[in-house]
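Here is a short tour of one protein chain. Keep the sequence and the 3D view open while you read.

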Amino acid sequence: MRPLAGRLSLDRLSWKTLTWWCYRFQHEKWNRGFHGCMLDLAGIDFETKNWRRSAVASQLGQEPSSCRHVHSLPKLSGDRKKLPRNTDPVVSAFKSLIQDTDPKMWFSDVWDDSVIDRWNNCKEFALASMDTALSFRVANLICCCKQCRRIDVCLLDEVMAAAMNNEKIMLDFAPIGIGICIQSVGMLARLARANKDARAKFFDGRGKDFVLALLVECKQRGLWTHEDCSPRILASVMHGLGLLFGKSPLNSGGRRAEVLEAAGCIAEEFCRQKNTFRVTSHDVANILYGCEVLGFDDKRLTSKACRILVRRLDFGDKINPQILSNVLWALGKTGFDDKSVLSRLGREVNKKSELAGFSEQSLANIVYAYGLLEFDDFHSMDGLLNEIIEPHRLREFNQQELSNIVYGLGKVGYSNDSLMGQLCAEIIKEHRLAIFSQQGMANIMYGLGKAKFFDRNVWVKLMNEASQRVGKFSCQELANMMYGLALVEPELSNGDMSALVELMDKTCAELKRRRMEDFDSQSLAVAVWCLGVLRYYDEVLMEVLLEGYMRIEENIKAIELSMIMISCASHGHRNNRLFKMAQNYVFGSLSDVSDLRLVCNFMWAFAILGILSNIDFERFCLKVASLEAKEQDMVVAQWRQVVQAWLYIQKLKPDPPRYGLSHEVDRLLSKAKQNWRNEEISDHTTTFESKIRAILLAENVAFAPKSKTVDGLLEVDFLVKQKDTTKDPVVVECDGVWHYTINQPFRTMSHTVFRNKVLKAAGFKVVCVPFFLKQTERVAVIKELVQSMTPS
């Protein structure tokens, strides 16, 4: 193959053509002879993949400045494999140290004495000759510290100070040198913070000052748009900025503005690039990570980076599992919603031959990312999920990873009791559960609730553990924990609720102590809604939470306000200021609400609370009718809400309508009543109902179980037949735990109060038997009923 290469005429090859061929040889692993010859001609060091710019320029007969994608290195001659890495003696000394040392040494906590001595000698040599330094030395010394994972504050401080105080050095920086410096400083800062090292303060001071000085240099010299600033360099800079500035609060004084301005320039230039064949998957991961951590959301940049990654996959390139998980994690954090890209990446993840190469952290990050994106196609990723529940994998997952997996699966509502059961069996082990963070505990309970997974043993252990440290939860974590409990409330109520009551007592006491400024509107709305669903009532706490929510009146969201109104209606809690705000908002923006569920919730809440006027009822019905006509299917619960609102207007309102309703409203009400009448009566009989039935039979009371009354719109437990037809018919209701609050003193829930009022308005006598009465007390209630039925 070498004779063929020798016949190539370099003066006829453009630089773009030459670099393209070299790239394809490298990635497709074609003939090494031809590869090596082309690399020799192009001036490429195959071992280090360094591009000798002036060598290429001399071969092509061009000026060095016209050659793109190569950094400034002196022209070298001779055998490329025997050449030194560079001609700077200081850098050479550090490079020699790195070459002569086992790479595993850099990842150990303790270095050999000989390595420490050599490092110190190299450092003394560097500090003694700092006055002769140029940008090449500065960039390489910082890179050496990063490569050796050595946070040598003395060396770094001198190097950065020398650069910042010497205008000649700053003007000498090329784009590649700036990219190396920023990324290396960012990676060292991440290392210091991960180890909770006191030296992290150095990077929040001198490190940030140095990077900001480089950003100013780039802006003044227009380096972002320079021809030598390749997409790879742009990705490295974005990655470094994310590592350095993203995980700690940015200082005031315009620093955030400077960083975000630089991020904007990088994004603009990256999107402008047309020649992206040299952009690797690692570069894509770097730029996406930087954007996410900085909070810089650029849909165009994210879309282009993903297209590059998908193109590489389609070309058959294999992507490192760690990089693939990092990309998905960044996409999840930024809310990227291109389903085709997510499906393509999911297929790559699900390859059985590749799954073994994923670390536990990578697997957890992938599930977490898909959960954040609400990508609900986990059923097609059985390979990934089966890998997660492998016994050796489960043992290796740490607490953060387990909580992320459960949270991700729950976020999309993935229901698989077998998989969740195996994850929970690992979570509730004694040596694990106690060391979960508060965020991990809250995420697990949230995820299990969303996935509708219920195992009483698991939930009791989680609630007991949360009760012991409820004061350490953040406001958001408390809201997430309560939300998870609310989603499995029906199952929790079918058994011993002592653990739930204890946790809610401590949680509510903690909420009263918190400053409402620490809550956002969503957390407040969720907390109030959960109090309603969990049937826990504390009047003082309700007022505190409502006052906190009403302070943010200008940023009201329909979903949040509906959750609060539903909870107030459930408990019968009255707050006239809230009601006025809700009425103004709902009827001021009712035409803009397009969610049928929200409209029905508002109408039901207004009716239960007794603030629904005749005109408002008709407005609600017209809106429901229009949405229902647009093929928004109504479920049974929504038909029930319409019927109950109508019952309030007809039976309980002091001034029922004296005029007929519109045709559209009549049609909706007829359909709602018919759907509710067609709902079959449940044939399930609870233990409590069976006991009351036995008492009625013992007292020779004639009754009809599970009957519908009030024109077939209300279902009652027992309809007692009166011998004296002049007396009101009697209804006996077995009010179980769902009819009362879970905390004492037991308080009747509003829907039960509403039912009793409607029955009385319809001419029935209502006898309620609460679940908390003793058996003798229940018998006494029925005997009293019998006596009232006996003719005097």
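The crossing of H16 and H17 is left-handed. H16 covers residues 321–334 and H17 covers residues 339–349. Their axes come within 11 Å of each other and cross at roughly 150 degrees. An angle over 145 degrees counts as roughly antiparallel. H16 is therefore roughly antiparallel to H17. On the H16 side, the contact uses Leu324, Val327, Leu328 and Leu331. On the H17 side, it uses Leu342, Leu345, Glu348 and Val349. By class, the residues of this contact are seven nonpolar, no polar and one charged.

All of this comes from a predicted model.

**The whole protein**

The protein has 792 residues, and 54% of them are buried. Its secondary structure comes to 40 helices and six strands. Consider the contacts between residues at least 6 apart in sequence: 74% of them join residues at least 24 apart.

Now turn to H11 and H12. H11 spans residues 200–221, and H12 spans residues 231–245. The axes of H11 and H12 come within 11 Å and cross at roughly 150 degrees. H11 and H12 are therefore roughly antiparallel to each other. H11 passes H12 in a left-handed crossing. H11 brings Phe203, Gly207, Lys208, Val211, Leu212 and Leu215 to the contact. H12 brings Leu241, Leu244 and Phe245. By class, the contact of H11 with H12 has seven nonpolar, one polar and one charged residues.

Serine 236 also lies in H12. Is serine 236 buried or exposed? Serine 236 counts as buried, at 12% relative accessibility. Setting aside its neighbours within four places in sequence, serine 236 is in contact with Gly179 and Gln183.

**A tryptophan in a helix**

Tryptophan 639 lies in helix H36, which runs over residues 636–652. Its relative accessible area is 5%, so tryptophan 639 is buried. Which residues does tryptophan 639 contact, leaving aside its neighbours within four places in sequence? They are Glu628, Met634, Leu668, Lys671, Ala672 and Asn675. Take lysine 671 from that list. Lysine 671 is 32 residues from tryptophan 639 along the chain, and their C-alpha atoms are separated by 8.4 Å.

**The strands**

Strand S4 covers residues 714–720. It is mostly covered: five of its seven residues are buried. S4 pairs with strand S3, residues 703–709, in the antiparallel sense over six bridges. S4 is also joined to strand S5, residues 730–735, by three bridges. S4 and S5 run antiparallel.

Alanine 704 stands opposite leucine 719 in S4. Phenylalanine 703 stands opposite valine 720 in S4. On the S5 side, phenylalanine 718 stands opposite valine 732.

S3 and S4 form a hairpin with four residues between them. Valine 710 sits in the turn.

**Loop residues**

What counts as buried here is a relative accessible area under 20%, and exposed is over 50%.

One more loop deserves a look. Proline 745 lies in the loop between S5 and helix H39, residues 750–761. The peptide bond from glutamine 744 to proline 745 is cis, with omega near 0 degrees.

How values were computed
Residues numbered from 1 in each chain as written. Predicted model: local features only at pLDDT ≥ 70, side-chain atom pairs only at ≥ 80, totals over all residues. Heavy atoms only, no water. Axes fitted to C-alpha atoms, helices over the stretch in contact; angles between N-to-C directions. Helix = DSSP H or I, 4+ residues; strand = E, 2+ residues; numbered from the N terminus. Parallel < 35°, antiparallel > 145°, perpendicular 65-115°, else oblique. Left-handed = near helix turned anticlockwise from the far one by under 90°. Contact = heavy atoms within 4.5 Å. Nonpolar A, V, L, I, M, F, W, Y, C, P; charged D, E, K, R; others polar. Buried < 20%, exposed > 50% of the residue type's maximum accessible area, 1.4 Å probe, protein only. Pairing = 2+ DSSP bridges.
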